[in-house]
Amino acid sequence: MLIVLTFFTTSSYAADFNYDAGDIEGDKTSSGITYTLNVSKGNLNTSYDFDSTNGVTSGGPTGIDISVSSGGVTGVVTYALDSIPTSNFTISMNGKLIPPSGGDGSQPTWSASGNAKAPFYIKSNQTNGAKEITVPAGTSVTYTAYEGDSSKNSNWTVIGAGSSQSKSNVASITFNRNFWGNIATWFTSNQSVTAPVPGVYNISASPIDDANKSDSGVMTVVGGEFKEHSSHAYGFDDYTNWSKSASDYYGAKTGKCTLPYASVRSGYQGRTQFELKPTPISENIGFESSTNR
């Protein structure tokens, strides 16, 4: 007796398509860091369109923002400066593909993942760690470099006021409250930095063991200075940047004035112009005034 066995098959597209994006470096901004995972039909080695039906595609971690088109999917995860990741983590997405017309069986599925790297970054001690800050002259400011949640010895460069200074192999630099310093004497053995004159300063750092990584910030130091008005009716004294060695000030004065002010003879009227440097600035800076000095 001859027995014939016949096997029937049906068309099916249930096999998974997978994509490993490898390491993903975050895109740092002044307010935080953003990680992006992209996957296309080419990454999956398929011609099937992505199913863009609402709710079909999902992913992680919590808070991932996913956009889907027929040709690809993008997942974006953003962290603010006060919640930057302290260790590597996985970004993942998954969903369904649309098989060619006429196919039967379950829709094929896809998945994609990547290893998001904990970043190297710098933070200031101002405004919840903001890297781009605006402060009144004389403010004590510290910038610190981190990798994950640990401070990281780094090589620093500060450029501003027509000069550039560097400091190597330290985790942080501090601009102290000495308003009368200059950029040439900023970097000392105790890592302190005398506060710069008003202006814009670009601050950058790289970890000592990987010069390919870096992060940067901008510190805008705002000062106020009185200038003599053209219609001023009496002698004008501008003590804003006064020092006792200046030839145009009275030799009897000693020390240095830390508050800008103008003086006029009792019973007379005076007029001045109060000018900001640099100008314009994008944030409000408060200046206190007094008539008893």
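How many salt bridges does a search of the whole structure find? It finds five. A salt bridge here is a side-chain nitrogen of Lys or Arg within 4 Å of a carboxyl oxygen of Asp or Glu. Side chains of opposite charge can pair when their charged atoms come close. The tour reaches some of these pairs below.

**Before you start**

This is a predicted model, in which local features need pLDDT of at least 70 and side-chain atom pairs count only at pLDDT 80 or more, while totals for chains, interfaces and linings use all residues. Residues are numbered from 1 along each chain as its sequence is written, and side-chain values use heavy atoms, with hydrogens and water left out.

**Stop 1: the whole protein**

Show the cartoon. The protein has one helix and 20 strands. Both are DSSP runs numbered from the N terminus: helices are H or I with at least four residues, strands are E with at least two. The accessible surface comes to about 16900 Å², and carbon and sulfur atoms hold 45% of it. Areas come from the Shrake-Rupley method with a 1.4 Å probe; for residues, only the protein chains shown count as cover.

Of the 293 residues, 35% are buried. Buried means under 20% relative accessible area, exposed means over 50%, and partly exposed lies in between (1.4 Å probe, protein chains only). Among contacts (heavy atoms within 4.5 Å) with a separation of 6 or more, 59% join residues 24 or more positions apart.

**Stop 2: an open sheet**

Select β2, β3, β6 and β7. These four strands form an open antiparallel sheet, in the order β2-β3-β7-β6. Look at the edges. β2 (27-28) and β6 (65-68) each have a single partner strand, so one side of each is left without a neighbour in the sheet. Strands count as paired if DSSP finds at least two bridges between them. Zoom in on β6 and β7 (residues 72-80): they pair in the antiparallel sense over four bridges. Pick V68 there; its bridge partner in β7 is V73.

**Stop 3: T144**

Move to strand β12 (residues 141-147) and select T144. Is T144 buried or exposed? T144 is buried, at 15% relative accessible area. Beyond its neighbours within four places in sequence, T144 is in contact with Y121, I122, K123, S151, W156, A171 and S172. Show those side chains together.

**Stop 4: D49 and K41**

Select D49 and K41. Their side chains meet in a salt bridge, 2.8 Å from N to O. D49 is partly exposed at 31% relative accessible area. K41 is partly exposed too, at 23%.

**Stop 5: a network of charges**

Return to β12 and select E147, then K213. Their side chains form a salt bridge at 3.3 Å, N to O. This pair links distant parts of the chain: E147 lies in β12, K213 in the loop between β18 (199-207) and β19 (215-228), 66 residues apart. E147 is partly exposed at 27%, and K213 is partly exposed at 25%.

Next, select K152 and D209. The closest N and O atoms of this salt bridge are 2.8 Å apart. Again, distant parts of the chain are linked: K152 is in the loop between β13 (150-151) and β14 (154-160), D209 in the loop between β18 and β19, 57 residues apart. K152 is buried at 16% relative accessibility, whereas D209 is exposed at 55%.

Finally, show the four residues at once. Salt bridges that share partners join E147, K152, D209 and K213 into one network.
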